[in-house]
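Thank you all for coming; I would like to walk through a few local features of one model, and I will take them slowly. Please have the structure open as I speak.

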Amino acid sequence: MYQWTRREDARLLTGKGRYVADIEVPGCLDAVFVRSTVGHGVLRSVDCGPAREVPGVAGAWSADDLSDLPACLHSAATLQDLPPVPHTVLAKLSSDEAVAGREWPALVKDRVRYAGEAVAVVLGEDRYRAEDGAAEVTFQVDRLPAVITPSAAARDETLLFDGMSNVALRSETGRPVDDTVWQDASAVVSGSYRQNLLMPTPMECRTILAVPEEDRLTIWSGHQMPHRLRREMAALLGWPQDRIRVVVPDTGGAFGGKSASFPEFVVVVFLAVMLGRPVRWIEDRLESMLVATRGRGQDQRARLAADADGRLLAYELDIDADVGAYPHLGVGLPMQTAWMATGAYRTPQVHATVRSVLTNTMITYPYRGAGRPEAVFALERCMDTMARKLGIDPAELRRRNFIPPDAFPYATPTGRTYDSGDYARALDLALKTVGYDAWRAEQAGRRTDPAAKPLGIGLSCYVERSGGEPGGLHEFGGIEVGEDGTVTVRCGAASSGQSHETVFPALVAKTLGIDEQRVRLVEGDTGEQPDGLGSFASRSAQVAGAMLQHAAHLVVEEARHRAAGLWDLPASEVEWSDGALCPVRDGSAPMDLSELVKATGPLRVQDRFETGMAFPFGTHVAVAEVDPELGTVHLLKVVTVDDCGVQLAPEIVRAQALGSSVQGIGQALYEAIPYDEGGTPVLGNGMLDYLLPTFTEVPPIEVKDTCTPSPASPLGAKGAGESGCIGLPAAIVNAVDDALRPADPDLLQMPLTPDVIWRAARATEPRTARTPTREEDR
């Protein structure tokens, strides 16, 4: 019989998972939204009357029909009323100036600002009837000019909100670099980079089911932050939070795109309460492609200075970030890029500026990596350009500038304090694993053979941040021991594929010294666990895991004190061993934990536990062969070396590294959301137009790791879920750049489509140019 690797596997891989779409509630109505096909325009009219006549339609509404329907949750007033939402950095960076007057309506009232924005909603006895009704809704939008890139929108020639700049927020970190540094440096390189807009594309799209029950409301949603969703829905309704229960069942992925409250959620909850009937919205794939959150979307300008030996002197990064049509969710996210601009290097002067710019696109929000891939890409592209200019091997240039291990904790010029690191060790392992010198020799041979396809080796050394921001580096949870010895673990997180059901019980069992089959995890339910933050920012092991280990220690201490009371001994003379207690001195038979509970009553502990920020790091290497005639890129080999500190479950960490690497390949080579001049996404053929790497396109990926424990968490763990998205895109583009040597490296913008490659291949340096070997550098 097959032994499942994870507890979740038997259920999820045999079709027995229970997702929101699987939940059957009597009398449930299905919601379908009528969406604008225009990217920017004035809404003149909406006629829902014909839809109401369709058999099986329970109702149809526009904004004018629902005068009490509030705006989406992130208005300025709501932000003042709610506790901070740490992982969006919104609490730190949002202001009345950024948000007030730019409220995101649940249904469009007067102006459409992105294609797909909902102008009406139809409820049907089932999805089919609701779709029939939605087809009968008519509306008129008078088109306005659209702006679809942040650099264009920042000129304020077309305003999304009358009388208000499209630049919703300006910020900076570090100090401006003195002009003399650029003038006196032996080498200065610069680059302009476009971070392509991406879709998170989880297997399951967004979902919500609102079920009213007398004076309470139960919400089912595949959500990353159930307690946040409860808090925001309570604010929406003006209810106390204890009247709302949020339950997260099995969830088919998230990648950051399921941690907010969306306009559709507002409408569904509002109508469920208004009608006193369950209402459900299940986003379909085409709908998701149109209006699910976007990732990345930055226009970057970078400049790097070094001395003759390749020692970095200064780095400057200017960011125009596309935050979409409304500033409420992603306005502060680009600061993650600015704060991580320093990367793995000891650069004396670093300055990063940010403009968060409104465009006629769907809102930008955290997507796997969330600001750190953008930082790594700009810096690592500059590092390869600098290596070429100075005639230094790219690996050697990086090694010369690494922050040394004895410099930690290291305060960066941009305000971060890195916890621990040994960057050279990760680089050396990556180079050894890929066979760096052999590939360089192969490359040199090809460059003397006009018939050979160009080959390139690309490096990317990254540092990222995991766990969240200060104020959000904690989690809530508890443990309960039953009379039968069963240990129930409650946690404020909510899994969307991170293997919590396997890893967390194993961690508690190891701490208590008991069989992990005795341990059961309960999470993703605000009715079971009153407080929690959720799953985002690679925080599961580092923060939630540390909290559960802490709770297990509390169980041990409480058990020792109870046993001491039974035996009339000081607690110091009671020993805990493998789930049992015994007096240290008299040699009595051990008392099992279940026996203790039978004698003294239920044993429950509940607490809040906080860790510090952690900074995972690593080196990724890509070897690419390019066909200049066809414009194709063939990845011959990919090596990832990541350091996430202590690994609780190495096989699961490896799987996370592989999964994120595939998404990193997607950004570099395939994925992008193109818009036409009117602001409409050009995605007419769905997934045939939005390309994701499949098994055919994924090259051999060799996953390695080093271990530098984090002092910020008692487990020594750092985040592990986002590494491939962060480090690999730059390595792949650097490999293609190394193969083609275009006269203008800025020609290589992601995704590296055949058209991009073909054009870059016709603007190359002589094929005889070569990269110095490491031996020559030394």
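Predicted model: local features only at pLDDT ≥ 70, side-chain atom pairs only at ≥ 80, totals over all residues.

Let me begin with two helices, H9 and H10, whose crossing is right-handed. Helix H9 covers residues 226-237 and helix H10 covers residues 263-275, and the two pack with their axes 11 Å apart at an angle of about 55°. Since angles under 35 degrees count as roughly parallel and 65 to 115 as roughly perpendicular, H9 and H10 are therefore oblique to each other. On the H9 side, the contact is formed by Leu229, Met233, Leu236 and Leu237, which meet Phe265, Val266, Val269 and Val273 of H10. The residues of this contact comprise 8 nonpolar, no polar and no charged.

Turning to the second largest pocket, its volume is about 530 Å³. It is lined by 21 residues, of which Ala672, Ile673, Pro674, Pro751 and Thr753 are the closest to its centre. The lining divides into 14 nonpolar, 5 polar and 2 charged residues.

Another cis peptide bond links Phe408 and Pro409, with omega about -5°, and Pro409 sits in the loop between helix H14 (394-401) and strand E16 (410-411).

Finally, Ala537 is not a glycine, yet its phi is positive, at about 55°, and this residue lies in the loop between strand E21 (519-523) and helix H18 (540-567).

Definitions and conventions. Residues numbered from 1 in each chain as written. Heavy atoms only, no water. Axes fitted to C-alpha atoms, helices over the stretch in contact; angles between N-to-C directions. Helix = DSSP H or I, 4+ residues; strand = E, 2+ residues; numbered from the N terminus. Parallel < 35°, antiparallel > 145°, perpendicular 65-115°, else oblique. Left-handed = near helix turned anticlockwise from the far one by under 90°. Contact = heavy atoms within 4.5 Å. Nonpolar A, V, L, I, M, F, W, Y, C, P; charged D, E, K, R; others polar. 1 Å grid on protein atoms, 1.4 Å probe; cavity = no way out; pocket = protein on both sides within 12 Å on 5 of 7 lines; lining within 4 Å. Points joined across faces, edges and corners; volume = space filled by probe spheres on them.
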